[in-house]
Amino acid sequence: MPPAISPVDHEAVTKPLNDAPPVWIARTIGIAVCAHFAIVAIALAGNVGVSSMQSSVLALARPYLAALHLDNDSQTLAFSADAMTEKTYFLQKTNVASLHSSDAVYDDWTRIDSPLVVGSSRRIVGGLADQRWQRFLSRVAALAKSERGDLTCWLLEPIAKAQSNATFLRIIQEPDLMTNVVQDASEPPLTASIIRSQEGIVQVTQLADRRLSSVRRLPSMQAPTQTPAETP
Amino acid sequence: MSTLIRFLFHRDPLDASLFIIRIGLCLLAFWFFVSHWNDSPIWFGENGIASQQTLSNFFDTADMAGEAAWYLSPLYWTTSTTVIRAYLIAGMALAIAAALYPSRLLSVPLWLACVGLANRGFLIAGTEDALLCSGLAYLAIARPLDCQFRTVTQEHWCTVLSRRMFQVHVTVLLIITGWSMLSSPIWWDGTASISIAAPTGRRLLDVTSWVSSPWIHEPLTHAILLTTLAAPLMLWVPKTRSFAVIAVVIWCVTLAILSSQWLYLSTLAVCVQSFWRQTPTQ
């Protein structure tokens, strides 16, 4: 506890300091501080909802916010409405040839753990490495849900390269106390196939979700089950 | 304008020194660098998950290359594990040195090192990175002489400005967190505290059994929400300021236990010390 000091009356509180900056510097700093906090507040408020005007301001201020890392565009504010829907995700791989064959059962999927979340490292870093891995998976899952398979593929490609035998990857959501049966039984947010060429090029392709449709599926509309090379 | 200038540059003599904030933020920055030791090569290495090539392809496809170009970091120049770890060691050394000896020659490079690391982890950075970077920037504004463990009767205007930056940032953050909470029904129906604890796979402590009873999680949720809404006001009223600081620290500890976001909430708990007042003698 710092040592106590004598009380000072209101006059002294508002008395200018001896070494206060010149007025024009003080005014310039004052305007800059107001602009800084206006931008920070707008950026933080973007977690609740973004208007088109807000987006324009943020786009204009992005160099300032990004260069000084005052706001992370990719993450939601802690305890905001979006953050409250956060779930635990797992990344899994399998080496089956086809997901539609009867061989592809639950046991074929094995979990790919981030190599850094287990053991003593987790205790030392206070779970921060684990949180980063979960943020990455959440981001990939969110992109997959928003039909940005082209983006998820780039993010999963390094992992696919490291998993030499894997043919498919998927991200699943762990059921928890607050999820219901319907949510637990829903499709994984992401399932992707890994295509490996003989030249060693690895490509990841997100598989489309199976959707219900009001249109009757005619035989002529069904996707071909054979690759063009196999077609006689 | 004169009111604003008085607010930014004129010290309240009862304001406590920034000593606790300097020590706290430096230790948290040290923790931040240590936490990257194991996983940074896995993310930022040559074949890393967030390697330069992966990010380049990602941003080009997302048409975000222009925006992403502003996340500046020297770590984009290297994929070497040795260089990345040398950067982390330098960051840790700066954090310890800045905690032991107040100087802008240490606090400014420490802030820039933190920004560099946070910007490199663009895809995996969290809210704690942004708050830590902001806090270190505000700390670097203060005159080093005023950040020591002693009563300063004549603070430099830079130190007063630094304290005001901390105070306004904490207030803005709490206000917007409160607004954001109100937009989610779980903060109204009392289930928010158990919802925070529920994803046990990403929590250090599984406290769901502690808060499973409605008699626990509902009052806890309402208390957290009320503190978030009341604190920004109470922090600025001299009579309630000390009480509000203690309430916010308890709020941070409670949410940290529930959410495992220890670094973010510890940083917030340290930054709120900018409101701490010295005890006047009679």
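Analyst: Leaving aside residues up to four places away in sequence, Leu136(B) touches Leu25(B), Ala29(B), Leu110(B), Trp111(B) and Cys114(B). The model is a predicted one, and every value below is computed from it.

Leu136(B) belongs to the largest nonpolar core, which has 129 residues. Leu136(B) is among the residues with the most contacts inside this core, together with Val140(A), Leu169(A), Ala29(B), Leu110(B), Cys114(B) and Cys133(B). Three of these, Ala29(B), Leu110(B) and Cys114(B), are also touched by Leu136(B). The element that gives the most to the core is helix H9 of chain B, residues 157–182, with 11 residues.

The domain division of chain B gives the next level of the picture. Chain B is divided into domain 1, residues 19–141, and domain 2, residues 162–282. The C-alpha centres of these two domains lie 26 Å apart. Between them, 17 residues of domain 1 of chain B are in contact with 14 residues of domain 2 of chain B. On the side of domain 1 that touches domain 2, at least two residues each come from helix H2 (19–35) and helix H8 (127–141) of chain B. H8(B) gives the most to that side, with nine residues.

Ile20(B) has its place in helix H2 of chain B. Although Ile20(B) and Gln273(B) are 253 residues apart in sequence, their C-alpha atoms are 7.4 Å apart in space. Ile20(B) is partly exposed, because 16 other C-beta atoms lie within 10 Å, a count between the limit of 12 or fewer for exposed and that of 20 or more for buried.

Two packed helices are described by the angle between their axes and the distance between the axes. For helix H1 (residues 2–9) of chain B and H9(B), the angle is about 100 degrees and the axes are 7 Å apart. H1(B) is therefore roughly perpendicular to H9(B), since angles of 65 to 115 degrees are counted in that way. H1(B) contributes Phe7(B), Leu8(B) and Phe9(B) to the contact, while H9(B) contributes Trp157(B), Val160(B), Leu161(B) and Arg164(B). These residues divide into six nonpolar, no polar and one charged.

The core residues named above come from both chains, including Val140(A) and Leu136(B), and the contact between the chains can be described in the same terms. In all, 74 residues of chain A are in contact with 80 residues of chain B. On the chain A side, two or more residues are given by each of helix H1 (10–14), helix H2 (23–45), helix H3 (52–67), helix H4 (120–125), helix H5 (128–145) and helix H6 (149–162) of chain A. Of the elements of chain A, H2(A) gives the most to this side, with 10 residues. The residues on the side of chain A that touches chain B divide into 44 nonpolar, 15 polar and 15 charged.

Chain A itself has seven helices and five strands. From the N terminus on, its elements run α-α-α-β-β-α-α-α-β-α-β-β. Of the 232 residues in chain A, 30% are buried. Among contacts in chain A with a separation of 6 or more, residues 24 or more positions apart account for 55%.

Most residues other than glycine have a negative phi, and most peptide bonds are trans. His69(A), which is not a glycine, has a positive phi of about 50 degrees. His69(A) is found in the loop between H3 and strand S1 (89–94) of chain A, and it is buried, with 27 other C-beta atoms within 10 Å. Glu147(A) also has a positive phi, near 65 degrees. Glu147(A) lies in the loop between H5 and H6 of chain A and counts as exposed because it has 12 C-beta neighbours inside 10 Å. Arg196(A) is found in strand S4 (residues 190–196) of chain A. Arg196(A) is partly exposed, with 14 other C-beta atoms within 10 Å. The C-alpha atoms of Arg196(A) and Ala160(A) are separated by 9.5 Å, and the two residues are 36 residues apart along the chain.

Note on methods: Residues numbered from 1 in each chain as written. Chains lettered and ligands numbered in written order. Predicted model: local features only at pLDDT ≥ 70, side-chain atom pairs only at ≥ 80, totals over all residues. Contact = placed C-beta atoms within 7 Å. Helix = DSSP H or I, 4+ residues; strand = E, 2+ residues; numbered from the N terminus. Nonpolar A, V, L, I, M, F, W, Y, C, P; charged D, E, K, R; others polar. Domains from an automatic or database assignment. Core = buried A, V, L, I, M, F, W, Y, C linked by C-beta atoms within 7 Å. Axes fitted to C-alpha atoms, helices over the stretch in contact; angles between N-to-C directions. Parallel < 35°, antiparallel > 145°, perpendicular 65-115°, else oblique.
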